Amino acid sequence: IFKWCNSISGWWQNIMVNDDFKLPPSKKIKFGLVGSGKVLTSFAKLLLDNKFSPPILVTWKKSLHKRDINLLSNNSNYENIFSFANTHNIELIEADNVNDKKIINKLKSKGVNVIFSISSRWILKDSFINSFNGYVLNIHAGILPRDRGSVVYSKILNGIKQLGVTIHAITSSVDAGPIISQKTFNLRTEDPSINLITSKNIELSLSLLKSFIAKLELNSSFKIKTQNHELGLYMPQPYTEINGYIDWSWKSKHIESFIRAFGSPMPGAMTYYKNQKVIILESFIEKTDIEFHPLYYGRIVNITKNGFAKVITRDALLVITKMKKNGVDMVPQQLLAAPNILYTPHAILEKARIANNKS
C-alpha cells in the first residue's frame, strides 16, 4: 500500500510500522519551523508554553516579506515573524533556499531533528526530507487529498463551504504525503470574506496543533492514512497584482465572489475605467428579469442615492459599494461621465488567466 511513498523516498521504512507514524520522544525533539505567518508563530508559542526546546525558525529573506508586512500589519490574522522572534528571543534564519545544504547543516548542527513546514513558499526536496530521516511535516489549510495547493482563494471562488486543515508527512510531491491528522468545519455564511476563512483556518490549525502536541507529550504514535491521489485537485496560488482582473463576461456570482476573494486585506479586484485602472473592493448582486445583451456587460447604468454604482453583468446587476482609483475612494458621480463602462483589455485578462502564479 505504501509502494508509492517508497518510490519517492526510502525514509518511510524507518518511521512507519503497521500504518503508525512515530516521532522521537518529546523531550528529545528540537523543531525547525519553516515558513511564516500566524499559525507558525502560534505553534512556536505553543511549543514554548509546553516546555519543548525552543524551535529554530526558518523563513525567506526579509525583503520578500515586504508586501505581506505592508498589506497585513494591521490584520489580526497576521503576525510578523521577525518581531515575534525578537520578542521571544527565538533564533530566526533567513534563507534564499531552505533546501541549500548549508541551511540543512546549520539546522542539524543546532540539534533540529523534526521539521514542520507552515505556509512555506518552498517545496522541500528529497535531499532535505532524507536529511531529517523523514521527520518532516506540514500543516496544510485544506482537506486533503481534495484541497491541494492554495485553498483560501479557491474556497471563495468555487463557493465551497467546508473548511479543513491537515497535518501530513511531506514527500517530494506537493501536499501528497500520508495524512497524520485532520480537522474540518462547515461555514454557515453564504458569502464569506477572505478574512473570515483565514481566521477559521487559523482556529482549526491551532486546535489540531494542540492535539498534536498532546500526543507528542504522551509519546504516542499517529495512525496515518494514505491519500487517494485520484481525488486530488490542485489549485494554484493567485497573486492579486497579476491574477486579480475582472472579466465582465462572467456571471454575476463569479464576479462578486472574485471581488470578495481579492478584497481586504488584499489589494482588491481590478478593472479599467476611461483607460485608468480602478480597484473594486466590495459589491453585491441585485437580481433582474432583464436578459442583457453582451454589448452592455460592464456598463454603469445607475448611481444610487447611497452612492453605489449599478453595473450590468451577464445575468444580473452588480452593485459596487466601494472602489478606488490611485489609492483614493472614487466619487460615484465620476462614473456617470461618458463612456460610463468598466472593462478589462483582453490581453490583460488572458495574462491573468494563464500567468504563472506567485505565492
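Predicted model: local features only at pLDDT ≥ 70, side-chain atom pairs only at ≥ 80, totals over all residues.
**Strand 17 and its partners**

Strand 16 (residues 309-312) pairs with strand 17 (residues 317-325) in the antiparallel sense, over four bridges. The link between strand 16 and strand 17 is a hairpin of four residues. Strand 17 also pairs with strand 14 (residues 276-286), again in the antiparallel sense, and in that pairing Glu286 stands opposite Leu317. A further antiparallel partner is strand 18 (residues 328-329), where Asp329 is found opposite Lys324 of strand 17. Two residues lie between strand 17 and strand 18 in their hairpin, and Asn326 there takes a positive phi near 55 degrees.

| Strand pair | Sense | Bridges |
|---|---|---|
| Strand 14 and strand 17 | antiparallel | seven bridges |
| Strand 16 and strand 17 | antiparallel | four bridges |
| Strand 17 and strand 18 | antiparallel | two bridges |
| Strand 3 and strand 6 | parallel | five bridges |

As a reminder while you look at these strands, side chains in a regular strand alternate between the two faces of the sheet.

**An enclosed helix**

The buried residues are Ser252, Ile255, Glu256, Ser257, Phe258, Ile259, Arg260 and Ala261. Charged residues are included in that list, with Glu256 and Arg260 both buried. What do the buried residues of helix 11 pack against? Their neighbours are helix 8 (152-158), helix 9, helix 10 (240-243), strand 13 (269-273), strand 14 and strand 17.

Now for the open sheet: seven strands follow the order 5-4-3-6-7-9-10, with mixed pairing. From one strand to the next, the twist averages 15 degrees. Within this sheet, strand 3 (residues 31-35) and strand 6 (residues 114-118) run in the parallel sense, and Val34 stands opposite Ser117 of strand 6.

Two helices pack on the sheet. Helix 3 touches strand 3, strand 4 (56-60), strand 6 and strand 7 (136-140), and its direction makes about 165 degrees with that of strand 3. Helix 9 touches strand 3, strand 6, strand 7, strand 9 and strand 10, and its direction makes about 40 degrees with that of strand 9.

**Helix 3 against helix 9**

These helices also pack against each other. The axes of helix 3 (residues 38-49) and helix 9 (residues 194-217) are 10 Å apart, at an angle of about 30 degrees. An angle under 35 degrees counts as roughly parallel, which means that helix 3 is roughly parallel to helix 9. The crossing of helix 3 past helix 9 is right-handed. Helix 3 contributes Lys38, Val39, Ser42, Phe43, Leu46 and Leu47 to the contact, while helix 9 brings Ile202, Ser205, Leu206, Leu209, Lys210 and Ile213. Sorted by class, the contact has eight nonpolar, two polar and two charged residues.

**Two histidines**

Is His168 buried or exposed? His168 sits in strand 9 (residues 162-169) and counts as buried, because its relative accessibility is 2%, where buried means under 20%. Beyond its neighbours within four places in sequence, His168 has contacts that include Val136, Leu137, Asn138 and His140, as well as Asp175, Pro178 and Ile180.

His88 is found in the loop between helix 5 (81-87) and strand 5. At 29% relative accessibility, His88 counts as partly exposed. Leaving out residues up to four places away in sequence, His88 touches Lys45 and Leu48. His88 and Pro54 are 34 residues apart in sequence, with their C-alpha atoms 9.6 Å apart in space.

**The whole chain**

Stepping back, the protein chain has twelve helices and 19 strands. Its C-alpha trace spans about 70 × 45 × 35 Å along the principal axes. Of the 359 residues in the protein chain, 50% are buried. Among contacts in the protein chain with a separation of 6 or more, 71% come from residues 24 or more positions apart.

Key:
Residues numbered from 1 in each chain as written. Heavy atoms only, no water. Axes fitted to C-alpha atoms, helices over the stretch in contact; angles between N-to-C directions. Parallel < 35°, antiparallel > 145°, perpendicular 65-115°, else oblique. Left-handed = near helix turned anticlockwise from the far one by under 90°. Contact = heavy atoms within 4.5 Å. Pairing = 2+ DSSP bridges. Buried < 20%, exposed > 50% of the residue type's maximum accessible area, 1.4 Å probe, protein only.
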